[in-house]
Amino acid sequence: MFYVPDGTARCGYYECDNCQNRFLDVKIAPRIVCPYCGEVHDMEIGPDETLPEEKEDAVLKEVIEGEENVEKYDTLLSLAVTGGDYSWI
């Protein structure tokens, strides 16, 4: 599958408030950091620097349960990203 590993039976369906991307993730939380527009922070900070704050812009829209439903959502969402290219399936 494109977003989650094969055989996933439960995942979260998210939409980012910032970039409006929709995606699936195996983590299920009310809000998570968007994998598309969320910043990857440099964890090597000096003594005068503070750790940057992570923005959790992606909001949980629905919990998808059942391996068949997860596969269906994954296929539909991935078509928008792959442009209808079925060769990865």
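The structure, a predicted model, holds four aromatic pairs, a pair being counted where the ring centres of Phe, Tyr or Trp (its six-membered ring) lie within 6.5 Å, with planes under 30 degrees apart classed as stacked, over 60 as edge-to-face and the rest as tilted. Phe2 counts as partly exposed at 37% relative accessibility, whereas Tyr3 counts as buried at 18%; here buried means under 20% relative accessible area, exposed over 50%, and partly exposed in between, with a 1.4 Å probe and protein chains only. Ring pairs also link Tyr14, Phe23 and Tyr36 into a cluster.

The model is predicted, and local features therefore need pLDDT of at least 70, while side-chain atom pairs count only at pLDDT 80 or more and totals for chains, interfaces and linings use all residues. Residues are numbered from 1 along each chain as its sequence is written, and side-chain values use heavy atoms, with hydrogens and water left out.

As to the overall arrangement, the protein chain contains one helix and four strands, which follow one another from the N terminus in the order β-β-β-β-α. These elements are DSSP runs numbered from the N terminus, with helices (H or I) of at least four residues and strands (E) of at least two. The chain has 89 residues, of which 26% count as buried, and it exposes about 6200 Å², with carbon and sulfur atoms supplying 47% of that area; accessible areas come from the Shrake-Rupley method with a 1.4 Å probe, and for residues only the protein chains shown count as cover. Among the contacts in the chain with a separation of 6 or more, 54% are accounted for by residues 24 or more positions apart, a contact being defined by heavy atoms within 4.5 Å.

The largest nonpolar core has 14 residues, and those with the most contacts inside it are Tyr3, Val4, Cys11, Phe23, Leu24, Ala58 and Ile64. Such a core is a set of buried Ala, Val, Leu, Ile, Met, Phe, Trp, Tyr and Cys residues joined through side-chain atoms within 4.5 Å. At least two residues of this core come from each of β1 (10-16), β2 (22-25), β4 (58-65) and α1 (67-82), and β1 gives the most, with four residues. For Cys11, when neighbours within four places in sequence are left aside, the residues in contact are Val4, Leu24, Asp25, Val26, Ile28, Glu62, Val63, Ile64 and Val70.

On the surface, Phe2, Tyr36 and Val81 form a nonpolar patch with about 280 Å² of accessible area together. Patches are made of residues with over 30% relative accessible area and no salt bridge, like charges being joined within 9 Å and nonpolar side chains (Val, Leu, Ile, Met, Phe, Trp, Tyr) within 5 Å. Tyr36, which lies in the loop between β3 (31-32) and β4, is partly exposed, with a relative accessible area of 42%.

Three salt bridges are present in the structure, each defined by a side-chain nitrogen of Lys or Arg within 4 Å of a carboxyl oxygen of Asp or Glu. In one of them, Arg10 is joined to Glu65, with the closest N and O atoms 3.9 Å apart; this pair links distant parts of the chain, as Arg10 is in strand β1 and Glu65 in strand β4, 55 residues apart. Arg10 is partly exposed, with a relative accessible area of 47%. Glu15 forms a salt bridge with Arg22, the closest N and O atoms lying 3.6 Å apart, and in this pair Glu15 is buried, with a relative accessible area of 19%, whereas Arg22 is partly exposed at 42%. Asp17 and Arg31 form a salt bridge in which the closest N and O atoms are 3.0 Å apart, and this pair too links distant parts of the chain, with Asp17 in the loop between β1 and β2 and Arg31 in strand β3, 14 residues apart. Asp17 counts as partly exposed at 44% relative accessibility, as does Arg31 at 36%.

The loop between β1 and β2 also holds Gln20, which has a positive phi of about 65 degrees although it is not a glycine. Gln20 is partly exposed, with a relative accessible area of 47%, and, although Gln20 and Asp57 are 37 residues apart in sequence, their C-alpha atoms are 9.5 Å apart in space.
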